[in-house]
Number of protein chains: 4
Amino acid sequence: MCTAATYRTKDFYFGRTLDYEFSYGEEITVTPRNYPFSFRYLPEKRKHYAIIGMAHVEEDYPLYYDAVNEKGLGMAGLNFVGNAVYGEVREGKENVAVFELIPYILSQCENAEEARELLGKIQITDTRFKEQLPNGRLHWIIADEKEAITVESGTEGLKIYENAPGVLTNNPPFPMQMFQLNNYMQLSSRQPENLFSDQLSLETYSRGMGALGLPGDLSSASRFVRVAFTKLHARSGEGEADSVGQFFHILGSVEQTRGCCELENGKYEITIYTSCCNATKGIYYYTTYTNRQITAVDMHREKLDGTELIRYPMLEEEQIRLQNA
Amino acid sequence: MCTAATYRTKDFYFGRTLDYEFSYGEEITVTPRNYPFSFRYLPEKRKHYAIIGMAHVEEDYPLYYDAVNEKGLGMAGLNFVGNAVYGEVREGKENVAVFELIPYILSQCENAEEARELLGKIQITDTRFKEQLPNGRLHWIIADEKEAITVESGTEGLKIYENAPGVLTNNPPFPMQMFQLNNYMQLSSRQPENLFSDQLSLETYSRGMGALGLPGDLSSASRFVRVAFTKLHARSGEGEADSVGQFFHILGSVEQTRGCCELENGKYEITIYTSCCNATKGIYYYTTYTNRQITAVDMHREKLDGTELIRYPMLEEEQIRLQNA
Amino acid sequence: MCTAATYRTKDFYFGRTLDYEFSYGEEITVTPRNYPFSFRYLPEKRKHYAIIGMAHVEEDYPLYYDAVNEKGLGMAGLNFVGNAVYGEVREGKENVAVFELIPYILSQCENAEEARELLGKIQITDTRFKEQLPNGRLHWIIADEKEAITVESGTEGLKIYENAPGVLTNNPPFPMQMFQLNNYMQLSSRQPENLFSDQLSLETYSRGMGALGLPGDLSSASRFVRVAFTKLHARSGEGEADSVGQFFHILGSVEQTRGCCELENGKYEITIYTSCCNATKGIYYYTTYTNRQITAVDMHREKLDGTELIRYPMLEEEQIRLQNA
Amino acid sequence: MCTAATYRTKDFYFGRTLDYEFSYGEEITVTPRNYPFSFRYLPEKRKHYAIIGMAHVEEDYPLYYDAVNEKGLGMAGLNFVGNAVYGEVREGKENVAVFELIPYILSQCENAEEARELLGKIQITDTRFKEQLPNGRLHWIIADEKEAITVESGTEGLKIYENAPGVLTNNPPFPMQMFQLNNYMQLSSRQPENLFSDQLSLETYSRGMGALGLPGDLSSASRFVRVAFTKLHARSGEGEADSVGQFFHILGSVEQTRGCCELENGKYEITIYTSCCNATKGIYYYTTYTNRQITAVDMHREKLDGTELIRYPMLEEEQIRLQNA
């Protein structure tokens, strides 16, 4: 499954893990401002905000997993199997195929507030990019430096939720994820006090006991609590290296190690890649399961007024630096 | 606090995290075979196995935190505050100051079996390297490719325990850490079965639910369970990059993010460095909190018959690779 | 707060705990068939099923907390503060004041199926019995020997849920309570298997380890899981004493001991009474916090064709039997 | 397995649950002062303190499970399988067969302090009462109104521990049980504060959330924590009925319901009986799985200067009081 998070120091950072048992061949993809964005039920957009993010590019169309636009708005789609329900094409609505949703939002919204308004007019449809490419069942996090929202399309239609912790995983639906945080309110980054009994002299035999009770498994509900705790307590310097480094530490708390989540087919789910986008500056950082070094693609080093997608393959080979070479 | 682990693929890997609120200025340090190892109560060793590891070097003496020797034996000292008790100098014993213990073992033992025998003759003393340098309260993991042992010196003297999971953290004493694993025996890397009731149709709404109950906090007891689970389920390729990468994923499961463990002085404990030594080949890999890229020092690229310590500072600056430079 | 449960052996049993910091002076109350039941917005019922249950009787009106009728249908109201929302009087609906709901259902429904149908026509209103008596915020369990349902009136109107485990506590809403059971599916009444690692020889050092992870606190979510587990695993003889005794054991698993749940006013919530009604035979059994002995009131020993409420005070004095008197 | 607890109001109370899958036919048994107590390796005691407790009487000898003497000292033996090790007969020690231990202590010690001293001279042997009656593997709680101690005989000999919470269950050894309480120090009888994040508005959606994390299963380690929490928070009146009633509530928190702990042979462990002795007044109260009413045997209603055991069978039939008889 996956985990997304936001983080704010001097700049605004937005990223996610993609957890799965295999990769579809995703690439860091810049969509410049004049790439003609076609939509199934809506007019083509010939001028729009430039976008950078991770996408599987199919027939020259960027099927984005997560991305930010040049205005600093980020959006990511995460698995929501068993809960996501998309609708039929409906008149009076802006019908958007689910695979178009990230482009549709990021191409025209400057911030979460605008995204929220636009979403109010949208009907998400299950239209496929092509017949052989069934759409994933997804929900989304959309965030700018000021706020984050969660978007879920279920049996009761499209719902938009304020996302106060600025994190998202998968099932159950977002309101339940938020509700369960109540059960962890006593968790602290400081040592616990002895409230059990003043008749016992209990001791904090280790540092870090204030968060005893924090779940450590890889299920989506447990990752939600853990990444929320880690993100909300995270402290770092304001500089770029500090901020980016800290972001990867935050998502590191929910990373999936090969072997710990075995699927029915005997395969293992792993964190295929982790991304951290400086949404303010348009720099997409990532690591992969097999390459811990942070790699960066800076959208402003590309010609953003172009018409063609700009694509970089993920560098997946471990970059070990030999110090006594 | 800290966590140590072992891992075996084609080669044998041994490493640890060092978690603390500040660094003493440790360096990757190679002790060549003819460096004269002096001991307070025992004859100097002028010929011995070469050693590579992380050490704070004080007056040209390598105060090792963790190291392996050229025979593939690894040893690491981890905090054991409140439980470690060292003895007085005793006749009839080989009196070894606690700061000499790693050099004393690694300079002469080829494997864990030899270390175990040697430890039977040893008395660990609290003698300080110098007056202003109080000894840490430690316990140790010693491991070769075949087995791992834990060494604890407490009120009842020196105890040596078989360490079946091949991991170590801090308090409580090792037998208690092992005992508590019983409470987690039902945790699995596969999905759980519904044993709650056949009258309810419960569902696995997320992957990874088999390990629900695994603790996720940073206390030493919880890290012990989590790293044991992660290590024992870890699967990777046999190649060097795969093995080393997987090792860092294993220790990543117990990494400490700045902000999540606040100390009384307002400082934060973090994972200062993580090491992974290919004990078979004598290559010391490490990452630091601020530098995710793996850096390596290969002892066999040094003149191992020398007499002088060879030291490399930790590279702590984030090495970000710009892909569209 | 409170907990309700159902249990089936030869007969059908239905009961609940009432947990609170003080009592309103409730009595075991039999409403005979010809007691004229008045309703605020609906015609008086002069002939109806006889009912037995616990009620606070106000101005000769039985404000039932839990009751069963002579057809074997049981119904109990439990606190649902923060979630219960009652409506306004609405035309085209059978408007029922919340305090009338138990009488309205039990006076005319033979089973849960009929209750479900009737509820489809009902609008629950917040009309007070009298000005000084604000209504409790409640949700309900309705059950016969074949099925149990949960009824919740919230912001989205009246919802009826199949209640497969046959238990109810308080917050959060029933669908969330049911959902969280997924997180406990691996809990068993049998000893766990070692799924943690075949490289460790873990042991079941105590009986009863299969349910490790079952929550033991008194919050409504934890009581829901615990009573569900206990009820669904409960085994007893079919006889009346065995069945009734077992029922009190089931609800004993969520009993509140004075001191363990302290309120802001310094008072303590306790289990004021526990009831177990043999719904098949119309016998209302109860115990109180201060009287462990089971006391019974048998409705069929009363003249059920009467017109007057028949009331028995709760016997609250501990009945200790001196064996060597 | 079993659970023992102490409780102090005006008087001192001492009791236990006996959890097992079948009963050996135990009886409430008074040993008067002049009953000749024979011991295998020590002189017969012809004058001693009178004792009341639960015993299996074999060949006119009271094999006590739990008892108090007329001085107000209580003692109970609880299963300690896998850890209890008894010794060989040793010269220079007062050799006491394990089945004689409760009589030996209670017949001559006025308080826990005296018991502690006496235990310093004792060697517990595995001598059987008769060949066909293997001794249980036990450890003990001994308590007076001032203090409680735990006695364990293991591979390292007899150990006596201060028992601050005044409770005992079974495995693991007492020091580990006490140590694990550290992991629950943050549990409270009051509502938790939000320490998770001041950026989230978390709510206490139910009363009783301060003890979230308290284990609810029936394993001995979980029962230890739960009964300690319940006992240490328990509040009651000082009167006899209040105190006794509260005591049964305390042990009710760890009661075993039939069906929840299934053994390999398909049988179920249940709480066969629960006792609460007013140690100050010598009144033995008990309930059984099938009889919730409290039954009492008052030792001071017996001729305590007698020479014959006085025995009362457990009253196991449910005593239901019909209120409208």
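Is D:Gly77 buried or exposed? D:Gly77 is buried, at a relative accessible area of 10%, where buried means under 20%, exposed over 50% and partly exposed in between, with a 1.4 Å probe and protein chains only. This is a predicted model, in which local features need pLDDT of at least 70, side-chain atom pairs count only at pLDDT 80 or more, and totals for chains, interfaces and linings use all residues. Residues are numbered from 1 along each chain as its sequence is written, chains are lettered from A and ligands numbered from 1 in the order in which they are written, and side-chain values use heavy atoms, with hydrogens and water left out.

- D:Gly77 lies in strand β6 (residues 74–79) of chain D; strands (E, at least two residues) and helices (H or I, at least four) are DSSP runs numbered from the N terminus.
- Leaving out residues up to four places away in sequence, D:Gly77 is in contact (heavy atoms within 4.5 Å) with D:Arg16, D:Tyr65, D:Ile102, D:Leu138, D:His139 and D:Trp140.

**Nonpolar core**
- The largest nonpolar core has 69 residues, and B:Ile28, B:Ile52, B:Leu181 and C:Phe196 have the most contacts inside it.
- Such a core is a set of buried Ala, Val, Leu, Ile, Met, Phe, Trp, Tyr and Cys residues joined through side-chain atoms within 4.5 Å.
- Six residues of this core come from helix α4 (residues 220–233) of chain B, which gives the most to it.
- Beyond its neighbours within four places in sequence, B:Ile52 touches residues including B:Ile28, B:Tyr64, B:Val68, B:Cys277 and B:Met299.

**Chains A and B**
- Chain A is superposed on chain B by a rotation of 180 degrees with 0.0 Å of shift along the axis (RMSD 0.0 Å), fitted by least squares on C-alpha atoms of residues with pLDDT of at least 70 in both.
- This is the relation of a two-fold axis.
- In chain A, A:Gly216 has the C-alpha nearest the axis, 1.7 Å from it.

**Chains B and D**
- Six residues from chain B and six residues from chain D take part in the contact.
- The two chains bury about 520 Å² between them, 74% of it on carbon and sulfur atoms; buried area is the accessible area (1.4 Å probe) lost when two parts are put together, summed over both.
- B:Glu156, B:Met176 and B:Phe179 supply 68% of the area that chain B buries against chain D, more than any other three residues.
- Helix α3 (residues 174–181) gives the most to chain B's side, with three residues.
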